[in-house]
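Trainee: Could you take me through one part of this model up close, starting with a single residue, and then show me what else is going on around the fold?

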Amino acid sequence: MSDGSDIFYGRIPVFRGFARLMDPSLYSPLPDDWSIGIADIVESTKAIAQARYKAVNMAGAAVIAAVTNALDGREFPFVFGGDGASFAISPADYERARDALAATAAWVRDDLDLVMRVAMVPVAAVRAQGLDLRVARFGPSPNLSYAMFAGGGLGWAEAAMKRGEFAVEAAPSSTQPDLTGLSCRFEEIPSVRGLILSVLIVPARDADPDLFRKLIEDVVALVERSPDAGRPVPTGGPPLRWPPAGVEFEARAQRGGPLLKRRIAVLAHTLFAYLIMRYGIRVGGFVPKTYIQQVVENSDFRKYDDGLRMVLDCTHDLERKLTQRLAEATSAGVARYGLHRQDAAMMTCFTPSALRSDHVHFIDGARGGYASAATALKRAVA
């Protein structure tokens, strides 16, 4: 498909070194005839208060899995937001992406007992507001890249969705999206440096773009000096046990057959996988040690989507320095921010094939994460 998402996005050079993320030259404007897909969980704060962190994260990651599978695994720009996700899509891929969104909203309602609102927003509608949508590709490892969004348009699109604009209706009950590869088999990842800090920083209204860029560069520079740049996933990979805590979600993500049958199948499959990983057994082309190294390298613990999001394993000293710098920026009218402190991180995985190196691992805080940081941000503004 000559006008598919993979053509435009695939031509954008991948940049290395997260400290470069505010360089405007790295970002390419999305074509006017593209659309932005947006999804989030309604009342995610309430779900988090009920300790349903895994369900909320699974719902957000399901959007990315469903759209990826609907596009036969082709590349497109997306970003995971903890309690939701956003992505950009070409006209040629619009119908399949919209149907995948609608099916995911139905699955989240029927199988996770959550309400997901979804929307498809034309890029042209964003630009009509005097905003822009630009995308870059950051490579955390040689294995894959993640999208970064700038221009203010993504934030506007999300606000429009919350106002009920550009809504996509959820599919009928029992509609099942293709969630092949979606799992959450790893256990919570405890902090080893002091605390897990979820960070959300967005520009203040009418903020000087140069001052906001300087703030983000300062924050990233502070974090970069921390061991492994604050990555919450240890070198040896996340903890793994059997049966995994996410077995129920993975069973519900499977297609076909009664739920009990799917549970048994997932338990058998995860037991086999656990034994292979636990004892480092090589099976065909699958090498457990290599896979775990890729899990660590591919972890998506920091991103930019009209604001900086990070989940850090950091010291209390680093937290103090970050809080001080952010408080100064807030007083100066440069930024708004939300922080959420917890004792562990969690990982939700999208692994269409364990034999490929581009499996994706989304990181969030295990006690509220990005959603709670967003709540803290809103509370500070009120």
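Predicted model: local features only at pLDDT ≥ 70, side-chain atom pairs only at ≥ 80, totals over all residues.

Mentor: Let's start with Val287, which is partly exposed, with a relative accessible area of 25%. Where does Val287 lie? It's in the loop between helix 9 (259-279) and helix 10 (288-297). If you look back 10 residues along the chain, you get to Met277, and the C-alpha atoms of Val287 and Met277 are separated by 8.9 Å.

Now for some buried parts, with helix 3 (residues 53-70) to begin. Of its 18 residues, 17 are buried, so helix 3 is largely enclosed by the rest of the structure. From first C-alpha to last, helix 3 reaches 26 Å, close to the 26 Å expected at 1.5 Å a residue. Even so, helix 3 has a kink of about 25°, centred on Ala61. After the helix comes Asp72, with a positive phi near 60°.

On to the cores. The largest nonpolar core has 51 residues, and Leu21, Ile201, Phe212, Leu215, Tyr304 and Leu308 are the ones with the most contacts inside it. Helix 7 (residues 209-224) gives this core its largest share, 7 residues. Another core, of 46 residues, lies apart from that one, and Ala59, Leu71, Met116 and Phe350 are among its members. Going back to Ile201, if you leave out residues up to four places away in sequence, its contacts include Phe212, Leu215, Leu308 and Tyr337.

What about the aromatics? The count comes to 9 aromatic pairs. One of interest is Phe15 with Phe138, a tilted pair at 5.4 Å centre to centre with 45° between the planes. Phe15 sits in strand 1 (residues 14-15) and Phe138 in strand 7 (residues 134-141), so the pair ties together parts that are 123 residues apart in sequence. Both Phe15 and Phe138 are buried. Elsewhere on the list, ring pairs link Phe76, Phe78, Phe80, Phe87 and Phe362 into a cluster.

Last, the cysteines. How many disulfides does the structure hold? The count is 0. Take Cys184: the nearest cysteine sulfur belongs to Cys349 and is 7.9 Å away, while a disulfide needs the sulfur atoms within 2.5 Å, so Cys184 is in none. Cys184 counts as buried, at 1% relative accessibility, and Cys314 counts as buried too, at 0%.

Note on methods: Residues numbered from 1 in each chain as written. Heavy atoms only, no water. Helix = DSSP H or I, 4+ residues; strand = E, 2+ residues; numbered from the N terminus. Expected span 1.5 Å × (residues − 1). Bend = angle between axes of the 7 residues up to and from the residue. Buried < 20%, exposed > 50% of the residue type's maximum accessible area, 1.4 Å probe, protein only. Core = buried A, V, L, I, M, F, W, Y, C linked by side-chain atoms within 4.5 Å. Contact = heavy atoms within 4.5 Å. Phe/Tyr/Trp six-rings, centres within 6.5 Å; stacked < 30°, edge-to-face > 60°.
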